[in-house]
Amino acid sequence: MKFSIPRFWRERISHYRLKAAKCRVCGKINYPPSSICRYCGSKDLEEVYLDNEYGRLITWTIIHTVPDGFDEQRPRIIGLVELINSKVRILAPITDILPEELKENMLLEPVLRRINEDGEAGLIHYGIAYRPVIKTIGREE
Ligand SMILES: [Zn+2]
């Protein structure tokens, strides 16, 4: 059976999950996922997901000008996050913290955050963001 999945749905899935490819030969994680291991050239890879992994903050940048629809997130912090187990480095929004509170190497946990909203179509897109672990103790959402 053939059917087409609407584009937004596919994108939504990819935004929800941090998909990577783990090499069965050398054990390294390829991110973004690829069909050939960029470390050893093997084609024997399996899909893995990194979105439950804690990370640490390597460095970050503050964005003061953000596109329409992002107003409530100003200023926006984009961090370079190194995931603890896989050592994969990704760029992702850092949330629930003020820029002056950011520290190198701080422990971060992944959270699902609204990244934008398409008012006309009524769609809300979500993506992975990271927030400091220490600030979430005893807090309800
Ligand atoms: Zn490999």
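**Exercises on a predicted model**

Arg 56 is partly exposed, with 27% relative accessible area. The model used here is predicted.

**Exercise 1.** Decide whether Arg 56 and Glu 82 are buried, partly exposed or exposed.

Solution. Buried means under 20% relative accessible area, and exposed means over 50%. Arg 56 has 27%, so the residue is partly exposed. Glu 82 has 10%, so this residue is buried. The two side chains meet in a salt bridge, 3.3 Å from N to O. This pair links distant parts of the chain, as Arg 56 lies in strand β4 (residues 55–63) and Glu 82 in strand β5 (residues 76–83), 26 residues apart.

**Exercise 2.** Determine the geometry of the zinc ion's site.

Solution. Begin with the protein donors: the SG atoms of Cys 23, Cys 26, Cys 37 and Cys 40, lying 2.3 Å from the zinc ion. Along the chain their spacing is C-x2-C-x10-C-x2-C. Next take the angles among the 4 donor atoms, which run from 106 to 117 degrees. Four donors count as tetrahedral if all angles lie between 85 and 135 degrees, so the site is tetrahedral. As for accessibility, Cys 37 is buried at 3%, whereas Cys 40 is partly exposed at 39%.

**Exercise 3.** Find which residues are linked with Asp 44 in a network of salt bridges.

Solution. Start from Asp 44, which forms a salt bridge with Arg 24, with the closest N and O atoms 2.9 Å apart. Asp 44 sits in the loop between β2 (29–30) and β3, and Arg 24 in the loop between β1 (19–23) and β2. The network links Arg 24, Asp 44 and Glu 46.

How values were computed: Residues numbered from 1 in each chain as written. Predicted model: local features only at pLDDT ≥ 70, side-chain atom pairs only at ≥ 80, totals over all residues. Heavy atoms only, no water. Donors = N, O, S within 2.8 Å, 3.2 Å for Na, K, Ca; no water. Tetrahedral: all angles 85-135°; square planar, octahedral: opposite > 155°, others 65-115°. Buried < 20%, exposed > 50% of the residue type's maximum accessible area, 1.4 Å probe, protein only. Salt bridge = Lys/Arg side-chain N within 4 Å of Asp/Glu carboxyl O. Helix = DSSP H or I, 4+ residues; strand = E, 2+ residues; numbered from the N terminus.
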